[in-house]
Amino acid sequence: MKILIDMDGVIANFEKSVLDTYQSLHPTKPFIPLDERTTFYVKEQYPSELQSLVESIYLTPGFYQSLPIINGAVEALSEMTQRGHNLFICTAPLPQYEHCVLEKYQWVDQYLGAEWVKKIIVTNDKTLVRGDILIDDKPNITGLETPTWEHILFNQPYNKHITSKKRLNWDNWKSILDI
Ligand SMILES: [Mg+2]
């Protein structure tokens, strides 16, 4: 099978890094705990006067490259590959691409290795990419085409209201994916 794997919120821990950085830079300001996150875009859950502080965190050089890996991701990706599946990393960049795009490549090289750099697909419309499965934390993924892939949600607090799709995490993926 061709399996497309999203990066942020699936293999790279974007949310933890935003919150940790926010709390260290602004220790007295209110914050949203990770398990209370309800919007897909973190900035949108903060009051308007704090949104630029949140955004500046992920626009800072080095942010994307230093994201921690989500536990179990490396092992899951290697095992799927060993089982003969074709995996690709399918990620949508920020419109402010300056650091984000380069650092996503650096991140993959650093955590997954050079072979995986060749498997990166950067796109803002994942429906244009063919595949059997897309593992992604975004609640709804739309675009120009009818997807060939089944969207399987990667569990995150901000997508738990979606009940119409299969969902998984790196602890239970083997029992959810019939591969
Ligand atoms: Mg994501």
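**Helices, sheet and a magnesium site**

Colleague: Which residue with positive phi follows α4?

Modeller: This is a predicted model. In it, helix α4 covers residues 97-111. After α4 comes a residue whose phi is positive, near 110°. That residue is glycine 113.

Colleague: What span is expected for helix α4 at 1.5 Å a residue?

Modeller: Helix α4 has 15 residues. From first C-alpha to last, α4 reaches 21 Å. That is close to the expected span, 21 Å.

Colleague: How far apart are the end C-alpha atoms of helix α2?

Modeller: Helix α2 runs over residues 48-59, which is 12 residues. At 1.5 Å a residue, α2 should span 16 Å. The model agrees, with its end C-alpha atoms apart by 17 Å.

Colleague: Within what arc do the buried residues of α2 fall?

Modeller: The buried residues of α2 are Leu50, Val54, Ile57 and Tyr58. Viewed along the axis of α2, they line one face of the helix, because they fall within an arc of 85°.

Colleague: What do the buried residues of α2 pack against?

Modeller: α2 has two sides to consider. The face turned away from the buried side carries exposed residues, Ser48 and Glu49. The buried residues pack against another helix, α1.

Colleague: Which residues coordinate the magnesium ion?

Modeller: The donors sit at 2.0 to 2.1 Å from the magnesium ion. Their spacing in sequence is D-x1-D-x128-D. Two give OD atoms and one gives O. With their atoms, they are Asp6 (OD), Asp137 (OD) and Asp8 (O).

Colleague: How many residues apart in sequence are the parts tied together by aspartate 6 and aspartate 137?

Modeller: Aspartate 6 lies in the loop between β1 (2-5) and α1 (14-25). Aspartate 137 lies in the loop between β4 (133-136) and β5 (150-154). The pair therefore ties together parts whose separation in sequence is 131 residues.

Colleague: Is aspartate 137 buried or exposed?

Modeller: Buried means under 20% relative accessible area. Aspartate 6 has 6% relative accessibility, so aspartate 6 is buried. Aspartate 137 has 3%, so aspartate 137 counts as buried.

Colleague: Which are the edge strands of the open sheet?

Modeller: The open sheet has 6 strands with parallel pairing. Their order is β3-β2-β1-β4-β5-β6. An edge strand pairs on one side only, and here the edge strands are β3 and β6.

Colleague: Which residue in β2 stands opposite isoleucine 5?

Modeller: β1 and β2 pair in the parallel sense. There are 4 bridges between them. Opposite isoleucine 5 stands isoleucine 89.

Colleague: Which residue in β6 stands opposite leucine 153?

Modeller: β5 is mostly covered, with 4 of its 5 residues buried. 4 bridges join β5 to β4, where leucine 134 stands opposite histidine 151. β5 and β6 (residues 167-168) run parallel, joined by 2 bridges. In β6, leucine 153 faces arginine 167.

Colleague: How far apart do the C-alpha centres of domain 1 and domain 2 lie?

Modeller: Domain 1 is made of 2-13 + 69-176, and domain 2 is 14-59. They touch: 13 residues of domain 1 are in contact with 14 residues of domain 2. The distance between their C-alpha centres is 22 Å.

How values were computed:
Residues are numbered from 1 along each chain as its sequence is written. This is a predicted model: local features need pLDDT of at least 70, side-chain atom pairs count only at pLDDT 80 or more; totals for chains, interfaces and linings use all residues. Side-chain values use heavy atoms; hydrogens and water are left out. Donors are N, O and S atoms within 2.8 Å of the metal (3.2 Å for Na, K and Ca); water is not among the atoms, so sites may look incomplete. Buried means under 20% relative accessible area, exposed over 50%, partly exposed in between (1.4 Å probe, protein chains only). The expected span of a helix is 1.5 Å times one less than its number of residues. The arc is that of the directions from the helix axis to the C-beta atoms. Contact means heavy atoms within 4.5 Å. Two strands pair if DSSP finds at least two bridges between them. Domain bounds come from an automatic or database domain assignment.
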